[in-house]
Amino acid sequence: MIGRRNFGKALGVVTASTAAASCGRMPDPSSVSAAARTSAPATGTAETSRGPSFAVVRQIHAGELNIGYAETGPAHGPVVILLHGWPYDIHSYVEVAPLLAGHGYRVIVPYLRGYGTTTFLSGRTFRNAEQVVFARDIIALMDALRIERAVLGGFDWGSRTADIIAALWPGRCKALVSVSGYLITNRKAQQQPLPPTAEWAWWYQYYFSIARGELGLAKYRDDFAKLIWRNVSPTWHFSDATFNRTARAFDNPDYVPIVIHNYRWRLGLAPGDPRYDGLEAKLAEGPPVHVPAVTLDGALDPFTPPGNGAAYRSKFTGPYAHRTLQGIGHNVPQEAPEAFARAVLDADRM
């Protein structure tokens with residue numbers, strides 16, 4: 001297993017070449033997908049052993065957390081907040097952020113609770129990872145930064161969080177970009193079995209439901225994350241340096257408790273916080289998203305539902321567009337940064 005790194009270590013710099021490239025015109029998503037299909041090796045993206053990183057991670061008290069976040073772009077530009085998933089971190093957006101900053105956006109990329117430099121203000125706080133608390137964290141961050149409305153974009157846990165804010169607090173969400181579409185969890189529906197091939201993709205969810213899985217994540221957190229990356233993004237040829245840059249975020253002392261609680265809560269195996277029962281009841285009803293939205297699917301993502309977005313189309317009732325990215329897996333913003341950035345621009349202009 002890769003050795004443990006120092007928690008909170010400085011995260012490098014955004015390269016000048018990346019920043020300069022951000023000022024150029026972004027290609028159409030279809031051309032990005034075509035490039036992904038023809039890049040070597042195989043049909044996905046490839047990268048060098050070194051890549052850009054965020055120069056500074058800022059900290060701010062927000063709600064029950066001290067949230068670490070990267071920020072780039074003009075201070076008074078329209079705001080975009082980009083949300084990562086598991087097992088990833090803010091560097092999923094390290095190429096998206098300068099592209100959007102080059103178009104005049106103030107881009108904010110926070111570490112979710114349990115990741116990176118985001119920490120709890122009190123050791124006595126319940127390490128809760130039910131779905132609504134992540135949305136509440138981002139609302140608290142927006143309040144702390146005095147941001148009334150923002151374009152929200154995300155994948156994996158980040159998609160779910162952005163979807164929830166768009167559905168429950170539409171006044172705070174100007175527009176939405178959601179990878180895998182509508183991901184708000186209905187725990188009652190989660191009790192029903194999926195076809196075996198779909199269940200296979202979720203194998204780790206069941207592993208985490210037992211004590212052995214919790215011990216395994218704690219002992220092999222880096223190996224575990226790297227396996228997930230390879231399985232869900234089969235044509236993304238990331239380097240060890242790229243992985244190690246993100247794996248620092250897993251050194252957070254709350255990483256394992258947050259990941260374990262999240263997956264156990266989804267299966268009804270762990271309780272949430274009673275204070276949020278009312279909000280979770282609203283989410284269980286599957287509230288629609290009325291704000292302008294662009295949904296993205298990676299064609300090679302094992303979690304992408306069939307039907308080219310048809311499975312969740314009815315949940316988006318406002319201005320809407322859907323795109324399937326050929327040759328791309330689960331981590332869409334890092335595998336196809338130009339396509340993700342273009343989706344943000346298009347959603348904001350709807």
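Modeller: Buried means under 20% relative accessible area, exposed means over 50%, and partly exposed lies in between (1.4 Å probe, protein chains only). By that rule Tyr 263 is buried, at 1% relative accessibility. The model is predicted, so local features need pLDDT of at least 70 and side-chain atom pairs need 80 or more, while totals for chains, interfaces and linings use all residues. Residues count from 1 along each chain as its sequence is written, and side-chain values use heavy atoms, without hydrogens or water.

Start with Tyr 263. Its ring pairs with that of Tyr 204, edge-to-face, at 5.5 Å centre to centre and 85° between the planes. The rule for pairs covers rings of Phe, Tyr and Trp (its six-membered ring) with centres within 6.5 Å; planes under 30 degrees apart are stacked, over 60 edge-to-face, the rest tilted. Tyr 204 sits in helix H8 (residues 203-207) and Tyr 263 in helix H12, so this pair links parts of the chain 59 residues apart. Helices are DSSP runs (H or I, at least four residues), strands are runs of E (at least two), and both are numbered from the N terminus. Tyr 204 is buried too, with a relative accessible area of 3%.

Helix H12 also holds Tyr 255. The ring centres of Tyr 255 and Tyr 115 lie 5.5 Å apart with planes at 80°, so this pair is edge-to-face as well. Tyr 115 is in the loop between S4 and S5, so the pair ties together parts 140 residues apart in sequence. Tyr 115 is buried at 0% relative accessibility; Tyr 255 is buried at 1%. The structure holds 32 aromatic pairs.

What does Trp 86 touch, leaving aside neighbours within four places in sequence? Its partners include Tyr 115, Tyr 204, Tyr 255 and Tyr 263, where contact means heavy atoms within 4.5 Å. Trp 157, Phe 208 and Phe 224 are also among them. Trp 86, Leu 100 and Phe 340 touch the most other members of the largest nonpolar core, which has 104 residues. Such a core is a set of buried Ala, Val, Leu, Ile, Met, Phe, Trp, Tyr and Cys residues joined through side-chain atoms within 4.5 Å.

Helix H4 gives this core its largest share, 9 residues. H4 runs over residues 131-144 and reaches 21 Å from first C-alpha to last, close to the expected 20 Å. That expectation is 1.5 Å times one less than the number of residues. Of its 14 residues, 11 are buried. Among them are Val 132, Phe 134, Ile 138 and Leu 141. Gln 131 and Asp 137 are buried as well. Just after H4, Arg 146 has a positive phi of about 60°.

Back in H12, look at His 261. His 261 is buried, with a relative accessible area of 9%. Beyond four places in sequence, His 261 touches Phe 126, Arg 127, Asn 128, Ala 129, Glu 130, Ala 270 and Pro 271.

Arg 127 has a charged partner too. Arg 127 and Asp 254 form a salt bridge, with the closest N and O atoms 2.9 Å apart. A salt bridge here is a side-chain nitrogen of Lys or Arg within 4 Å of a carboxyl oxygen of Asp or Glu. Asp 254 lies in the loop between H11 (240-247) and H12 (255-266), and Arg 127 in the loop between S5 and H4, so the bridge ties together parts 127 residues apart in sequence. Asp 254 is buried at 10% relative accessibility, and Arg 127 at 19%.

The loop that carries Tyr 115 has a bridge as well. Arg 113 meets Glu 64 at 2.6 Å, N to O. Arg 113 is in the loop between S4 (106-110) and S5 (119-120), Glu 64 in the loop between S1 (58-62) and S2 (65-72), so parts 49 residues apart are tied. Arg 113 is buried at 2%, whereas Glu 64 is partly exposed at 23%. The count of salt bridges comes to 13.

Now the whole chain. There are 15 helices and 9 strands. Buried residues make up 57% of the 350. Among contacts between residues at least 6 apart in sequence, 81% join residues at least 24 apart.
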